[in-house]
Structures are given as structure tokens and as C-alpha cells.
Amino acid sequence: DKIIDYAIAAGLDFISLTDHDTMAGVERAVNLGKRKGLKVIPGVEITAYDNQRERMVHLLCYMPKRMEKLEKLMKSNTEERRKAVVSVIEEVSKIYPITYEDVVKAAGDSQCVYRQHIIRALMDRGYTYAVFAELYDIFRKIPYKPNFPDVWEVVKILNQTGGVVCLAHPGRYDSIELAWELADAGLIQAIEIAH
């Protein structure tokens, strides 16, 4: 609801809601946008792994129509994230007095628990003032290793949805070469150029 209100206050005509590995808020955003005069493009940002280069990749899928395989992929990725973050919470709790329950509470209605929610739990206890402040560097020492599917498998699934597939922020993960490969293979229709 806040995202819709912020977009309207900013004078935008349309937005796209693309949460990581979930579309849980999309239907509500689309409906609320209709009521308030803001067009909302449904979408999702799926996490994958480039096994050839050993790095993460994010793929955006806008306006997916066939959801069966996409839902399975989102559920699998969300479970991988949950398993990985549990071990991170265990390591952080050796330094700061937080529990998994504290982090889940900080996550609220989120479909997945992220490292940012761990920091939110630490904010609630007064250890930091912002999510991306100095304390966020704690994660450099704690491995976070979800087992995400291969990018070529993911991009094929996204194309089967009938949506528009876009490689997200290739500069962040040094994926320019991958962008050319996916484009040459006709598997992406867009590349995010500003992030």
C-alpha cells in the first residue's frame, strides 16, 4: 500500500512491483493501483546462478501469463533463502542477542526472510540506526549460500510464462558477457541499464 501511495505522491503514471522470488504483493498492488489511478505492471525478480562464472544472476519477468512453473521456481528459491538465512542468524546470534523469532517478527508479512530483516531485528534492539549502515558488513564474514538454479534453466522457465524477460543489473554481478549470450540465444527481451 505504501509503495502505491509513494508512487502516486511522486507523480508516476505506472510502476512495476518485482520482489525477489515472490509475487505475493502483486495482485494487491495491481488492484490498489487501479482504484487510485496508477498502472501497476506485474512482475518478479528471480534469483539464479551462473555456474560457468560462479556468480549470482537476477532475472526480471514482467507480465507473466502462465504461472505454474514460475510458482514452483519461486517456492523453491524462497525455501533455499530460508534455509540459508537460518545459519546466518545462528552466526549473528553468537555476537548479538537475537533469535530466529526476532528476525521473523522484523520480516513482518514478507514471504521470505532476508539479511536485511536480520539487521532490522538488530535495529529494534538498538545496535544500528539503518539497514545498510556499518553493521551490514557483518555479512561479509558469514557465508550466505542458497542453492539457486542455473541461469539457463531459469531463463527458459521465464520464457515459458509468456512474460517479458529482462536481465537485471548486469553491472552489479559482472554479467555483461552473460547478457550477450542470453540475448544472442533469444532468451531475454531487455536488459536493465539503471539500478
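Reply: A nonpolar core is a set of buried Ala, Val, Leu, Ile, Met, Phe, Trp, Tyr and Cys residues joined through side-chain atoms within 4.5 Å. The model here is a predicted one. Its largest nonpolar core has 32 residues, of which I46, L59, L158 and L182 touch the most other members. Helix α6 (residues 151-160) gives this core its largest share, five residues.

Me: What does I46 touch, leaving out residues up to four places away in sequence?

Reply: The contacts of I46 are D21, V57, H58, L59, L70, L73, M74, N77, V154 and L158. Another core, of 21 residues, lies apart from the largest one and has A84, I89, L135 and Y144 among its members.

Me: Why are α3 and α5 called roughly parallel?

Reply: The axes of α3 (residues 68-92) and α5 (residues 115-124) come within 10 Å and cross at roughly 30 degrees. Angles under 35 degrees count as roughly parallel, and α3 and α5 are therefore given that label. Their crossing is right-handed.

Me: Which residues make the contact of α3 with α5?

Reply: From α3 come V85, V88, I89 and V92, and they meet R115, I118 and L122 of α5. By class, this contact has six nonpolar, no polar and one charged residues.

Me: Which residues of α5 are buried, and what do they pack against?

Reply: H117, I118, I119, A121 and L122 are the buried residues of α5. They pack against α3 and α4 (100-107). After α5 comes G126, with a positive phi near 85 degrees.

Me: Why are α1 and α2 called oblique?

Reply: Helix α1 (residues 2-9) and helix α2 (residues 26-36) have axes that come within 10 Å and cross at roughly 40 degrees. Roughly parallel needs an angle under 35 degrees, and roughly perpendicular one of 65 to 115. The pair α1 and α2 is therefore oblique. The crossing of α1 and α2 is right-handed. In the contact, I4, D5 and I8 belong to α1, and A29, L32, G33 and K36 to α2. By class, the contact of α1 with α2 has four nonpolar, one polar and two charged residues.

Me: How do you know that T161 is buried?

Reply: Buried means under 20% relative accessible area. T161 has 1% relative accessibility and so counts as buried. T161 sits in the loop between α6 and β4 (164-167). Setting aside neighbours within four places in sequence, T161 contacts C61, P64, K65, R66 and L70.

Me: What makes E54 exposed?

Reply: Exposed means over 50% relative accessible area. E54 is at 62% and therefore counts as exposed. E54 lies in the loop between β2 (39-50) and β3 (55-62).

Me: Why is M63 called partly exposed?

Reply: Partly exposed is the range between the buried limit of 20% and the exposed limit of 50%. M63 has a relative accessible area of 39%, so the label is partly exposed. M63 is in the loop between β3 and α3.

Me: What is the phi of E54, and what is that of M63?

Reply: Most residues other than glycine have a negative phi. E54 is not a glycine, yet its phi is positive, about 55 degrees. M63, also a residue other than glycine, has a positive phi near 55 degrees.

Definitions and conventions:
Residues numbered from 1 in each chain as written. Predicted model: local features only at pLDDT ≥ 70, side-chain atom pairs only at ≥ 80, totals over all residues. Heavy atoms only, no water. Axes fitted to C-alpha atoms, helices over the stretch in contact; angles between N-to-C directions. Helix = DSSP H or I, 4+ residues; strand = E, 2+ residues; numbered from the N terminus. Parallel < 35°, antiparallel > 145°, perpendicular 65-115°, else oblique. Left-handed = near helix turned anticlockwise from the far one by under 90°. Contact = heavy atoms within 4.5 Å. Nonpolar A, V, L, I, M, F, W, Y, C, P; charged D, E, K, R; others polar. Buried < 20%, exposed > 50% of the residue type's maximum accessible area, 1.4 Å probe, protein only.
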